[in-house]
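Hi everyone, thanks for coming.

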Amino acid sequence: MAISTMYPAKAGSPKTVLAIQISASATQITVADASVLPSAPNICVLGSDSSAEIVSYSAKNGNVLSGVVRGLGGTVASVWDVDTIVARNFTSFDHDRFMDNINTLSSEKADASALG
């Protein structure tokens, strides 16, 4: 099994907001100040409560995030209004990637020990 990609965090989880409403199928997101989000590729969170959505983005140009993949980590792609909070929070997606990678490395180490 391959190691899963993990994305850099952003100290303090600074926030911005959506500058334009997005649909549940949008693959581009315009925010008020993308400079507070990490360089692409990375992930961010739309919203701030139990309905929050985790998304990934493959490019960041000015205040536009593109190549967006919606509804990561068991969240649901939704319609989000202007001024919805957007931040690089620590997420269930991050935790699951850590655990998957630890388990993969542990399994590979055990397999190598058994061979050798």
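A word on terms: strands (E, at least two residues) and helices (H or I, at least four) are DSSP runs, numbered from the N terminus, and two strands pair if DSSP finds at least two bridges between them. Before going on, please keep in mind that this is a predicted model, where local features need pLDDT of at least 70 and side-chain atom pairs count only at pLDDT 80 or more, while totals for chains, interfaces and linings use all residues. Residues are numbered from 1 along each chain as its sequence is written, and side-chain values use heavy atoms, with hydrogens and water left out.

Back to the pairing. Within E4, Val55 stands opposite Cys44, and Glu53 stands opposite Leu46. E3 and E4 make a hairpin with 6 residues between them, and Gly47 in the turn has a positive phi of about 90°.

How many residues of E3 are buried? The count is 5 of 5, where buried means under 20% relative accessible area, exposed over 50%, and partly exposed in between (1.4 Å probe, protein chains only). Both faces are covered: Asn42, Cys44 and Leu46 are buried on one side, Ile43 and Val45 on the other.

Now zoom out to the whole sheet. This is an open sheet of 5 strands in the order E1-E8-E3-E4-E7, with antiparallel pairing. Its edge strands are E1 (15–17) and E7, each pairing on one side only. The twist averages 35° from one strand to the next; here axes are lines fitted to C-alpha atoms, for helices over the stretch in contact, and angles run from 0 to 180 degrees between N-to-C directions.

There is also an open sheet of 3 strands, ordered E2-E6-E5 and paired antiparallel. At its edges sit E2 (28–30) and E5 (59–61), each pairing on one side only. For this sheet the twist averages 20° from one strand to the next. E5 and E6 (residues 64–66) run antiparallel and are joined by 3 bridges, with Leu65 in E6 as the bridge partner of Lys60.

On to the charges. Side chains of opposite charge can pair when their charged atoms come close. Our rule for a salt bridge is a side-chain nitrogen of Lys or Arg within 4 Å of a carboxyl oxygen of Asp or Glu, and by that rule we get 2. One of them joins the side chains of Arg70 and Glu53, at 2.7 Å from N to O. Arg70 lies in strand E7 (residues 69–72) and Glu53 in strand E4 (residues 53–57), so this pair ties together parts that are 17 residues apart in sequence. Arg70 and Glu53 are both buried.

Asp94 and Arg88 form a salt bridge as well, with their closest N and O atoms 2.9 Å apart. Where does Arg88 sit? It is in the loop between E8 and H1. Why do we call Arg88 buried? Because its relative accessibility is 3%. Leaving aside neighbours within four places in sequence, its contacts (heavy atoms within 4.5 Å) include Tyr7, Pro14, Leu37, Asn42, Cys44 and Asp94.

Phe90 is placed between strand E8 (85–87) and helix H1 (92–115), and Phe90 counts as exposed because its relative accessibility is 57%. Together with Met6, Phe98, Met99 and Ile102, Phe90 forms a nonpolar surface patch with about 500 Å² of accessible area. Patches take residues with over 30% relative accessible area and no salt bridge, joining like charges within 9 Å and nonpolar side chains (Val, Leu, Ile, Met, Phe, Trp, Tyr) within 5 Å; the areas come from the Shrake-Rupley method with a 1.4 Å probe, and for residues only the protein chains shown count as cover.

Finally, the chain as a whole. It has 1 helix and 8 strands, running β-β-β-β-β-β-β-β-α from the N terminus. Buried residues make up 34% of its 116 residues. Its C-alpha atoms fill a box of roughly 60 × 25 × 25 Å along the principal axes.

Thanks, everyone!
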